[in-house]
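Subject: Structure handover

Hello,

Here is the structure you asked for, with its sequence. My notes on it follow below.

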Amino acid sequence: THGGKLGGHPVTVTVADEGDGKQTAVNSGKRLIQSDHVDVLVGTTTVDSLLGLQSMLAEAKIPFVGTGGRASTLKDVSRIWHTSWLSREPGAAIADYLRTTVNGPVYAIGPDYQGGWDQVGGFTEAFTAAGGKLANDGGKTAWTPWPGTTNYLPYINKIAASDAKAVYAFYAGAAATAFVQQYAQSGLNSRIPLYGYGMLTDESLLEAEGTAADGIQTVLDYASDLDNDANRAFAAAYAKAHSGGAPHLFHVTGWDAALLLDQAIAAASSSGATPTPEAINTAIGKVGQIDSPRGTWRWSSQHTPIQPWYLRKVAQDGRGRANVVVQTLTTLGN
């Protein structure tokens with residue numbers, strides 16, 4: 001929409017594959033930084049990818065604008081900014097809602113890697129600290145092999161044998177589809193409602209998940225039916241470009257990364273100088289707010305958005321199956 005420019009400067013976008021594992025991301029990052037000499041690196045979906053790239057980014061001294069989750073183990077964020085979220089925030093945002101609305105203990109489950117530890121840990125910590133009870137054996141989260149399993153039935157059977165009144169789960173991508181389908185196939189969804197992180201029923205998965213996704217409630221900082229000017233324009237443009245489809249969160253975090261860099265590059269070159277990575281990084285920190293489709297947000301002290309979190313439910317919205325906003329849960333970030 002800016003004629004190939006950001007901040008008034010022509011921009012060359014070079015794309016590399018993050019892959020499904022830390023090493024692919026490292027190899028791609030090395031090419032972008034050392035061979036293509038990029039001024040800014042944008043992206044990654046998983047926290048594993050960023051953890052693999054962090055030493056390379058620090059050595060190159062270029063800003064990184066993350067569009068996926070931020071691991072709690074990342075300490076030096078002087079050149080790291082995320083238009084997305086801290087990975088512990090989604091679970092923390094829904095914890096009190098489940099504590100006050102579910103009449104009994106909640107079962108927590110997720111994949112055994114840093115992203116899973118953060119996502120589910122954010123929930124269990126806030127939930128139990130407020131007095132909530134976990135239905136898991138010994139009060140400990142059930143971890144499933146990552147990425148080594150697509151068979152969740154043994155774990156679902158343990159949920160069925162517990163005294164759980166609800167389940168909170170973190171899965172994404174193909175793992176989310178498998179878990180949702182197998183949860184429904186077990187018949188457990190008719191008596192123990194399933195809640196989760198928003199990627200459990202991401203828009204890109206709903207066709208594959210089908211009726212198994214119906215009624216699942218998730219927490220996320222975006223839904224395609226949010227009623228604000230920026231989202232109405234964004235969702236309409238996306239639908240026009242993608243045969244009526246609905247955008248999901250990663251479309252928004254990527255869009256916001258471009259909005260952010262447009263402002264930062266303009267500020268970094270306001271004196272007429274060619275913007276350098278260091279000048280862009282400084283300017284990113286001075287951007288006051290972003291008028292995002294998820295709602296206006298500004299930076300927290302952790303270089304992540306201060307933003308609202310929404311409870312969504314899979315239902316028919318006139319176009320088909322969608323994540324429909326139920327209510328605003330809370331605002332997080334400091």
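**Helix packing**

Helix α5 (residues 153–161) packs against helix α6 (residues 173–185) at an angle of about 50 degrees, and their axes are 10 Å apart. Axes here are lines fitted to C-alpha atoms, for helices over the stretch in contact, and angles run from 0 to 180 degrees between N-to-C directions. Helices (H or I, at least four residues) and strands (E, at least two) are DSSP runs, numbered from the N terminus.

Before going further: this is a predicted model, in which local features need pLDDT of at least 70 and side-chain atom pairs count only at pLDDT 80 or more, while totals for chains, interfaces and linings use all residues. Residues are numbered from 1 along each chain as its sequence is written, and side-chain values use heavy atoms, with hydrogens and water left out.

The angle between α5 and α6 makes the two helices oblique; angles under 35 degrees count as roughly parallel, over 145 as roughly antiparallel, 65 to 115 as roughly perpendicular and the rest as oblique. Their crossing is right-handed, a crossing being left-handed if the near helix is turned anticlockwise from the far one by less than a right angle, and right-handed if clockwise. Leu153, Ile156 and Ile159 of α5 make the contact with Phe179, Gln182 and Tyr183 of α6, where contact means heavy atoms within 4.5 Å. Sorted by class, five of these residues are nonpolar, one is polar and none is charged. For these classes, Ala, Val, Leu, Ile, Met, Phe, Trp, Tyr, Cys and Pro count as nonpolar, Asp, Glu, Lys and Arg as charged, and the others, Gly among them, as polar.

The axes of α9 and α10 come within 8 Å and cross at roughly 120 degrees. These two helices are therefore oblique to each other, and the crossing of α9 and α10 is right-handed. From α9 the contact takes in Leu260, Leu261, Ala264, Ile265, Ala267 and Ala268, and from α10 Ala279, Ile280, Ala283 and Ile284. The contact of α9 with α10 has 10 nonpolar residues, no polar and no charged ones.

**Salt bridges**

Side chains of opposite charge can pair when their charged atoms come close. A salt bridge is counted when a side-chain nitrogen of Lys or Arg is within 4 Å of a carboxyl oxygen of Asp or Glu. That rule gives 10 salt bridges. Three of them are described here, with burial given as buried (under 20% relative accessible area), exposed (over 50%) or partly exposed (in between), using a 1.4 Å probe and protein chains only.

Aspartate 256 and arginine 294 form a salt bridge at 2.7 Å, N to O. Aspartate 256 sits in helix α9 (residues 249–268) and arginine 294 in the loop between α10 and β13 (298–299), so this pair links distant parts of the chain, 38 residues apart. Aspartate 256 is buried at 0% relative accessibility, and arginine 294 is buried, also with 0%.

Glutamate 278 and arginine 79 are joined by a salt bridge of 3.2 Å, N to O. This pair links parts 199 residues apart: glutamate 278 is in helix α10 (residues 277–286), and arginine 79 is in the loop between β5 (69–70) and β6 (80–82). Glutamate 278 is partly exposed at 38%, as is arginine 79 at 22%.

Arginine 88 and aspartate 118 meet in a salt bridge of 3.9 Å, N to O. Arginine 88 is in the loop between β7 (85–86) and α3 (89–101) and aspartate 118 is in helix α4 (residues 114–129), so the pair ties together parts 30 residues apart in sequence. Arginine 88 is partly exposed at 27%, whereas aspartate 118 is buried at 2%. Arg88, Asp118 and Glu125 are linked in a network of salt bridges.

**Individual residues**

Threonine 14 lies in the loop between β2 (9–10) and α1 (22–35) and is partly exposed at 36% relative accessibility. Leaving aside neighbours within four places in sequence, threonine 14 contacts Arg31, Leu32 and Asp36.

Threonine 141, in the loop between α4 and β9 (142–144), is buried at 16%. With the neighbours within four places in sequence left aside, threonine 141 contacts Ala108, Ile109, Val120, Thr124 and Asn136.

Proline 10 is in strand β2 and is exposed at 67%.

Regards
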